[in-house]
Amino acid sequence: MRPFGYLTPPDLGGAIAAVTGRPGATFLAGGTNLVDLMKLGVAAPDLLVDVTGLLPDRIEPTAAGGLRIGAGVRNSDLAADPRVRAGFPVLARAVLTGASGQLRNMATVGGNLLQRTRCLYFQDVTKPCNKRVPGSGCPARAGDHRNLAILGGSPHCVATHPSDMAVALAALDAVVHIEGPAGPRAVPIAGPFGGLYRLPGDRPDRETTLERGDLITAVEIPPLAYAGNSAYRKVRDRTSYAFAVVSVAAATDVAGGVVRDARLAIGAVAPVPWRARAAERVLAGRPATSEWFGRAADAELAMASPLPDNAFKLTLVRNVVVRMLGELAGAGS
Ligand SMILES: Cc1cc2nc3c(=O)[nH]c(=O)nc-3n(C[C@H](O)[C@H](O)[C@H](O)COP(=O)(O)OP(=O)(O)OC[C@H]3O[C@@H](n4cnc5c(N)ncnc54)[C@H](O)[C@@H]3O)c2cc1C
Ligand code: SF4
């Protein structure tokens, strides 16, 4: 590991100024991803600007009936919050499937959203990787891509986004609040346009729409009348803590055997948490049956471009979607 400085600024403005003015500086939150990447040599900041004592760390109801979650809230506290558990179970369950108890005690909401991909080549500095070293190539397409993207990738990168929390927040239409050198702004977590995350295209090194010095301060979940009827299902290679092979976040409003409305997002299939809008359009107003749930999954997966070793995700996603929507329809009708 290279030598680096450590700064605890007095306030958010000082933290933003410290990172804005120094290209090698970066924010430090719980450190559970950043410090690992520093040990691997993937990240080499020359200054860590600690924001853990500065970021909002409370969960508050909004006037509209949603929730505003401070970016400094620890993952454990988010998952345990009674308002999250009762009102937005998809979010509580997604967070609880991530990492381990100790890691969730350290990890923050802001850091979770900005954790880096687990692509093996990205984490191995002896290998080329367009995301780590732009223009160096993408060995994953012809190499180990079993767990990489089937949607939204490009010839330059097929990495998947690793966060479980982000998938639930995408389904819930969450908005990310940012403070930066240009002032405050808010962006949706999931596009289609102007969201927090970018698809790789020919610049896989640019993962978000954040600029240098931009600090996530909070995440806001708007009210959703049927959010109580929501769930998160994660398929992984082992039952102890592991990243998703595929995950699905869903919320449905079903009455009289008909889907009145649905929210669906899929994880570990794309470089971003994938909001399944094509599937949602198929579901709206249709019978709450396995046949229509399968058609909805098919509509979304029609856009997929799997590689030889990850084509199995097509069947896996379809099966999880059909089963989850069936369970939610049973619970919500
Ligand atoms: C063994 C292991 C297993 C894991 N399993 C899972 C899993 O199954 N699912 C899952 O979702 N995650 C998993 N994780 C990842 C874990 O959830 C993340 O490491 C954690 O959420 C990151 O939060 P942090 O506060 O520690 O971020 P940090 O490591 O401090 O920061 C991560 C990045 O975000 C930036 N950053 C942090 N906060 C802000 C902010 N407010 N504004 C702007 N930039 C910011 C930092 O500069 C850094 O680039 C696992 C991690 C480990 C080590
Ligand atoms: S998929 Fe992306 S992160 Fe993985 S090696 Fe290719 S460019 Fe790097």
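This is a predicted model: local features need pLDDT of at least 70, side-chain atom pairs count only at pLDDT 80 or more; totals for chains, interfaces and linings use all residues.
**Exercise 1.** Work out where ligand 1 lies relative to domain 1 and domain 2.

*Solution.* 
- Start with the domains: domain 1 covers residues 5–52, and domain 2 covers 230–332.
- Their centres, taken over C-alpha atoms, are 37 Å apart.
- Now check the shell around ligand 1: both domains give residues to it, so the ligand lies between them.

**Exercise 2.** Find out what surrounds ligand 1 and which protein atoms sit by its oxygen atoms.

*Solution.* 
- Count the neighbours, using a cut-off of 4 Å between heavy atoms. You get 33 residues, and Phe-27, Gly-31, Thr-32, Thr-108 and Asp-164 are the closest.
- Sort the shell by type: 14 residues are nonpolar, 14 are polar and five are charged.
- Next, look for polar contacts. A backbone N or O atom of Phe-27 is 2.5 Å from a ligand oxygen. For Thr-32, a polar side-chain atom sits 2.7 Å from an oxygen of the ligand. With Thr-26, a side-chain N or O atom is 3.3 Å from a ligand oxygen.
- Then ask how covered the ligand is: alone it exposes 980 Å², and the protein buries 92% of that.
- Finally, see which elements give two or more residues to the shell: β2, α2, α7 and β8. Helix α7 gives the largest share, with three residues.

**Exercise 3.** Decide whether helix α5 is mostly covered or mostly uncovered.

*Solution.* 
- The helix spans residues 89–96.
- Call a residue buried if its relative accessible area is under 20%.
- Pro-89, Val-90, Leu-91, Ala-92, Ala-94 and Val-95 pass that test.
- That makes six of eight residues buried, so α5 is mostly covered.

Note on methods: Residues are numbered from 1 along each chain as its sequence is written. Chains are lettered from A and ligands numbered from 1 in the order in which they are written. Side-chain values use heavy atoms; hydrogens and water are left out. Domain bounds come from an automatic or database domain assignment. Buried means under 20% relative accessible area, exposed over 50%, partly exposed in between (1.4 Å probe, protein chains only). Helices (H or I, at least four residues) and strands (E, at least two) are DSSP runs, numbered from the N terminus. A polar contact is a pair of N or O atoms within 3.5 Å; within protein, one must be able to donate a hydrogen and the other to accept it, and residues adjacent in sequence count only if both atoms are side-chain atoms. Accessible areas come from the Shrake-Rupley method with a 1.4 Å probe; for residues, only the protein chains shown count as cover. Ala, Val, Leu, Ile, Met, Phe, Trp, Tyr, Cys and Pro count as nonpolar, Asp, Glu, Lys and Arg as charged, and the others, Gly among them, as polar.
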